[in-house]
Amino acid sequence: MKTIQVGNLTIDGSKLFLIAGPCVIEGYDRTLMIGREIKKICERLGVQYIFKASYDKANRSSFNSFRGPGLDKGLEILASIKKELQVPVLSDVHDVTQLEKASKVLDMIQIPAFLCRQTDLVYGAAKTGVPVNVKKGQFMAPEDMKNVIEKMEEAGNPNLAVTERGASFGYHNLVVDMRSFPIMRSFGYPVIFDATHSVQLPGGMGGSTGGQREFIPYLARAAAASGVDGFFMEVHDNPPEGLSDSSNMLYLSSLEGLLKDLIAINDIVKHDKERNSFRKDKGYGPKRSSARASFSRTAFLFLGEKKRGSAHDFL
């Protein structure tokens, strides 16, 4: 994996990193509080932290859905949180006209999944020189993200990452193909798993998107075992009160325990990630015995979950 620089963080694969915060900016005080608590957890666990909150949720099910404070006010809040917490900040950019202003505040620009093939936006984001994280579209095969990477490489930006957030499976449902992680890691850049959007039920509530928060820990542990480099999670102190994605945000109180599991699994598999790099023609190799041993140790952690708690602990 190539080393990338995001603000004051050097991401080199030696430890997990986390992109986390509320789905949308819900006012300065509450947004700052959530970010501060996540930072404390990450500092305790040795996880690199990038704060995330959206200034505008442009892709909403309904015209009446809450979208956030907008570009100017949202960037002002993000700049204040960045200064207060001394952490890098990330937000979604939906249009090329937002790039100039956003690039002056954000330490990482995120391209939403539905927009990942928009050449002008992807190339323009990379051209700002700010690190870029692109979410894989729900309609995209993982190998097709290589074309997206190449668009950004054409802009001369070395600080890139890609995120898996589930693939459409019929109507109002997503599934996660764990094969996507080694496939996208073969591109050479950090691969992130979006553990909260992957449990969405898009448009499943008619005028809004539903979700199955109880499955976040299971998918996240499986992704850690598959060798991801970082995680994206939308986190809230009281998700049912959240103004966007309330049914699939993770409770702040559940974050630390889940991160401990992900760190433990990553410690088992992280050496195999580099030793057994994926090749499309040959798959993983040649140390298959090492891979089997990692699977056995990881399975033990999964089985331990039966004793520690159940999905209902995350509801």
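**Exercise 1.** Find the salt-bridge partner of Glu241 and say which parts of the chain the pair ties together.

*Solution.* Glu241 forms a salt bridge with Arg30. The term requires a side-chain nitrogen of Lys or Arg within 4 Å of a carboxyl oxygen of Asp or Glu. Here the closest N and O atoms are 2.8 Å apart. Next, place the residues. Glu241 sits in the loop between β14 (230-236) and β15 (250-251), and Arg30 in helix α1, so the pair ties together parts 211 residues apart in sequence. Helices (H or I, at least four residues) and strands (E, at least two) are DSSP runs, numbered from the N terminus. Last, widen the view: Arg30, Asp237 and Glu241 are linked in a network of salt bridges.

The model is predicted: local features need pLDDT of at least 70, side-chain atom pairs count only at pLDDT 80 or more, and totals for chains, interfaces and linings use all residues. Residues are numbered from 1 along each chain as its sequence is written, and side-chain values use heavy atoms, without hydrogens and water.

**Exercise 2.** Locate the link between Arg36 and Glu84.

*Solution.* The two form a salt bridge, with closest N and O atoms 3.5 Å apart. Arg36 is in helix α1 and Glu84 in helix α2, 48 residues apart.

**Exercise 3.** Which residues of α2 are buried, and how are they arranged?

*Solution.* Buried means under 20% relative accessible area (1.4 Å probe, protein chains only). Gly74, Leu75, Ile77, Leu78, Ile81 and Leu85 qualify.

Technical notes:
Buried < 20%, exposed > 50% of the residue type's maximum accessible area, 1.4 Å probe, protein only.
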